[in-house]
Amino acid sequence: MPETSLKLFDSLTAQLQPFLARPTGEVGVYCCGPTVYDVAHVGHARAALAPDILVRHLRAEGYPVKYVRNITDVDDKILKRAAENQEDPLALSARMTVLYQQDVHALGCAPPDVEPKVSEHIGDIVQLISRLIERGAAYVVEEQGVRSVYYSVRAFPGYGKLSKRKIEELQVGARIEANETKRDPLDFALWKGCAETGWGWPSPWGKGRPGWHIECSAMSERHLGHGFDVHTGGMDLIFPHHENEIAQSEGAFPGEGPFVRTWIHNGFVNVDKEKMAKSLGNFVTIRQVYERNDPEALRYFLLSVHYRGPIAFETEKLPDERVIFPGIIEAERRVDYLYQTLARLRALAESDKTGTISTLPPSLAGYATLANEAVPRLRAALDDDLNTPVALSVIAEVAKAGNELCDLVQRKKDTLLLKLSPYVASRLAKALVDVTERLGLLQTMPATYTQRTQLQRLALRGLTAAAVDQKIADRAAARAAKDFARADAIRVELTAWNVEVFDTPTGTSWRLLA
RNA sequence: GGUGAGGUAGCCAAGUGGUUAGGCAACGGUUUGCAAAACCGUUAUACGCGGGUUCGAAUCCCGUCCUCACCUCCA
């Protein structure tokens, strides 16, 4: 295993802990994936992104990683929604699973190595529940011929250690649903028995389906084993979901150490200072963002705040009733900027025929130093509990230096500078790529990105490239005739379309802004 | 009530004892027919409030106010 100075904030100990991989030759990361009863919103995007950054960083540092992100495709909410739709529950969840996969893949999140589904792990779940019953940690309750299984919370001494809750305090809020038969209000369902006509799978206790929580214990055990390295999820999962996972897994394997070595929880996406949530109705789906903005802009936006802090997602209604996302637009312009910078640097670097240069004049040495230090600085930022805002600041500095170099070359006709700058540009371009790659940014060719965003922006405004080109041609004619008043009037029209006009010695180009 | 997170310049956001983080906006400049983009400069000796520790505090300690979240499904 490689050396690392990575430190992660562990929710269990509530402290920054040095990352120490378990000695199995493979780092196990488990991300609590979505319950697929509806399309995913921006909060889900954030929850998928945090482990993606961790996994990318670990891999870049040389660790073999097994990344598991589950799909909860069996759940009461799925059952309810499917009934409303008059749809088969697994058909609904399969549909939503595909949408989720598309959404997070477009976000630039590496696909998990294993994406286990509850419906395909019923056997593991039944086995784990049986084990808990054998150990006296769970019990079967029968009512009207239907048998369910509950976890006996008081039998697990460590209950509450993750969420810092005491059993006595929990009891106040706990309650028993009308149809529940558990012995203690704190107990939770491992297996929900149902009638033969209901939605379920056979089990030693009769037909039924798993309760929420048990699937993650069973599937992580199956794919990563007990005591794996990192478990991630949103902060709202700390209680009761993750607390219950600990109770289940450690209750089933006593004496085998902690269920998980490090717990990582990401903060919420807020709308008007409130958590974005289905129940509040204030959510914006990932695909709603993609309708207006590039997926990479959403990624950049989410990375601009440390994963544990809250991030404010703004929406703004324009006079024409269109809804825009100002924060995402700002992020998209930054992504534009990075791609443009990369394209500029590569254009300059193309004429590099010098090979490696050991001695650079002072005017250029600083750029080489910055290029050399970029990756170490980025690694240090990510080592510090995945500090992506600092990582983005390193990227910003590299990009700024790259543009500065390109500007310098455009203006000065210094022979030495012209001769050596392509080499320096290639160094900066490489640094920019290396550094953005670690965050999963700039993963396409600049030209591809530009084409994709320009097409989207044209479509959003109901414009065509031909219409813009016509205006540009009219303006070029006016300029050639030195009719600057007319040329400027046309430019005002173009600006109203959000088109940015760029006159160069070789002609006029344009782009549509985000 | 319990538990946790957070309050940093016009806005966003890093920073946990001592050198300008970074970004956005605005304004000034380089450039340009004029612009835009890019770059430079200014806005910025900012850290919720009140005490304390220290040569020195956004950072540590005590108190206090405010916001949000979890305690019921939630990423």
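Here is a short chat about reading a few backbone, strand and surface features in this predicted model.

Me: Let's start with the backbone. Which peptide bond here is cis, and what is its omega?


Reply: As background, most residues other than glycine have a negative phi, and most peptide bonds are trans. In this model, a cis peptide bond links Phe239 to Pro240, with omega about 0°. If you want to find Pro240, look in helix α7, residues 238-252.

Me: And phi? What is the phi of Gln144, and where does Gln144 sit?

Reply: Gln144 isn't a glycine, yet its phi is positive, at about 50°. You'll find Gln144 in the loop between β5 (138-143) and β6 (146-151).

Me: Is Gln144 buried or exposed?

Reply: Gln144 counts as exposed, because its relative accessibility is 79%. Now try Leu442, another residue other than glycine, with a positive phi near 55°. Leu442 belongs to the loop between α13 (415-437) and α14 (446-460). Leu442 has 9% relative accessibility, so it counts as buried.

Me: On to strands. How many bridges join β3 to β4, and do the two run parallel or antiparallel?

Reply: The general idea is that strands of a sheet pair through backbone hydrogen bonds, either parallel or antiparallel. Here, β3 (residues 27-31) and β4 run parallel and are joined by five bridges. For one pair to click on, take Cys31, whose bridge partner in β4 is Arg69.

Me: How many residues of β4 are buried?

Reply: Four of the five residues in β4 (residues 65-69) are buried, which leaves the strand mostly covered.

Me: What is the strand order in the open sheet of three strands?

Reply: That open sheet reads β12-β11-β13, and its pairing is mixed. β12 (274-275) and β13 are at the edges; each has a single partner strand, so one side of each lacks a neighbour in the sheet. As for β11 (residues 269-271), it pairs with β12 in the antiparallel sense over two bridges. Within that pair, Val271 stands opposite Glu274 of β12.

Notes. Residues numbered from 1 in each chain as written. Chains lettered and ligands numbered in written order. Predicted model: local features only at pLDDT ≥ 70, side-chain atom pairs only at ≥ 80, totals over all residues. Heavy atoms only, no water. Buried < 20%, exposed > 50% of the residue type's maximum accessible area, 1.4 Å probe, protein only. Pairing = 2+ DSSP bridges.
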